[in-house]
Amino acid sequence: MRKRAFNLAMLLAVMLLPGAAAAQDQAPTVIAVPPLATPENVATAAGDTGLLARYVADVIASDLRSTRELVPVGPANARVYSYPEATAPSFTQWRTTGAKSLLTGFVQARPDGRLTVACYLHDIRGGREIERKGFVVAPEEWRRAAHRCADAVYAKLAGRPGSFDTRIAYVAESGAGSARVKRIAVMDSDGTGHRYLTVGGATVLTPRLSPGGDRLAYVSFAGEQPHVRLMNLETSDDQPLLPGNAMSFAPAFAPEGSALAISIAERGNTDIYFLKPEGGGIQRLTTAPGIDTAASFSPDGSQIVFESDRSGTQQLYVMNSDGSNQRRISFGGARYGSPVWSPDGERIAFTRIAGDGLRVGVMSATGAGEQVLTTGPRDEGPSWAANGRQLVFQRSDASGRTGLYVVSVDGGVPRRTVTPQDGSDPDWSTAGAR
Amino acid sequence: MMRRAFLAAVALLTLGSGTIVGAQVLRLPIPRIGPRGQPPPPPVTIEMLQADLVARSGSDTVYFAGSGHGIDAGGQATLVAQARWLLANPAIRVRIEGHADELSPRDFALAIGERRADAVRNFLILQGVPAAQLTIISWGKERPVGSGTSPMTLALNRRAKTVLMR
């Protein structure tokens, strides 16, 4: 027994030492995610705490499994530990698993009817705790606590913010052709907590969540004129953004506050405007003849990337957010549309339009290093995850059916996000707040 | 007969709401409109007018190349004929509906649809059609014709349609 443990330790050392350098860039980290513990099995509105402890681990493992950097093991077939071990794990036992990290925690019913969900991240080799998080939530909100545990683990081990406790707004589609019914829907980024925000009477497009996550801008054909509307998600108040009968579309929130950029089309000419819904006037940012649209703010709000056909074909341009210093950044020989600035400000995702169809790609914010990430032929409308590592986009098949897919900016095969109906125009909110 | 109907009407009023029983008892003659023995003439529907526009102009739709909004010679001939029809029917209001193909991303599709509808509107105004008779809308790529992504389907969707309104 002693000898076996020694051999195992040697084996681990051999495995881990050369990996230590590689772990900086490529090799994924194995993390054990056993079921959480509970101090006492208590029935709650969302089920027994013992059951929830297992579900929370399921969600955390599922979140981490979707990343490149981490490989979760469990909670199925993982060693089950007792409540006191959540904070003081038996590291000698865990070392035999070969995992580098360990996530433990507990779910506890509180006297006020809510839950405490706590999670602890340990370095197994070092035998020490390296992160801890605790959340007090309503029993029905246990899933959010799990996502935030996963966010904390990812941030600690991958060195970047996680994006598991985030939401995706999109357009749910049903029916075919001209009779297609479109409704705005919003869901947690793992597909749970799904709800519809519009009833389907008028065609709706391009939902965009505000930075605080409390408002939603979108385009509606209600009244048979496309126009931007603003919905308050807490009160369900829903109003046109502009008075009058102008054709407005392509809303984009500024990263802070309540300001938006929108496009207004008039007399065959589309331009980008900046406005604050609470008043303060509307400012026209582009004046070139032709189509200037699809604005997206840089994360510091100082610049806007947009799409213009002023050169004769659709290309990407950057300007200061007051409209000054407009310059073209795309020179890849195709047409480009729907640009979106990454959360770290370094990159711009786009739709590339060529004879062989629509594809999603990324380039640096200066336009250099263009990379196409998807195979098409009908992939469009990318939106960044908060961690800047993934994009969600819309893929249409030959019969016009649509779905939402997630692709890593490092490449790889896009993964379909499960939605109750067809889905298009995704917007991955960078706001965790609900 | 009249007496029964009268009683039924009284019963209905008394009950305060039309019950099934009351409705079955109440059998009043259906009034006829028009000359005796002749059915009334069918009203002219907007669909019939639209069909007339198509018959006399060749088409109610013009098509565009690529991501452009230029109207080619065939499209211009169609619009000249449409203008003649519209001038002969000044009471009919018109909505020009611009569309884009699937190769246009969502926002650009809305913008180019507006631009195409505006190009048709300008052409009709140059032919003498009063501007007040014409409105435009862009459907972007939200009202596709046919399904599939063949070059033919894409070409059929790059269009502006002259739609007659009540």
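Chain A puts 33 residues into the contact and chain B puts in 22, with two residues counted as touching when their C-beta atoms, placed from the backbone, lie within 7 Å. On the chain A side, strands 11 (204-209), 15 (247-253), 16 (260-266), 19 (292-297), 23 (335-341), 24 (347-354) and 27 (379-384) each bring at least two residues. Strand 15 of chain A has the largest share, three residues. Helices (H or I, at least four residues) and strands (E, at least two) are DSSP runs, numbered from the N terminus.

This is a predicted model, where local features need pLDDT of at least 70, side-chain atom pairs need pLDDT 80 or more, and totals for chains, interfaces and linings use all residues. Residues are numbered from 1 along each chain as its sequence is written, and chains are lettered from A and ligands numbered from 1 in the order in which they are written.

Elsewhere in chain A there is an open five-stranded sheet, order 4-1-5-6-7, with mixed pairing; strands pair if DSSP finds at least two bridges between them. Strand 4 (70-73) and strand 7 (128-137) of chain A sit at the edges, each pairing on one side only. Strands 5 (101-109) and 6 (115-123) of chain A run antiparallel and share nine bridges, and A:G105 stands opposite A:C119 of strand 6.

Two helices go with this sheet. Helix 2 (49-65) of chain A lies across strands 1 (29-32), 4, 5 and 6, at about 145 degrees to strand 5. Angles run from 0 to 180 degrees between N-to-C directions, with axes fitted to C-alpha atoms, for helices over the stretch in contact. Helix 4 (142-158) of chain A packs on the sheet too, touching strands 1, 4, 5, 6 and 7 and making about 155 degrees with strand 7.
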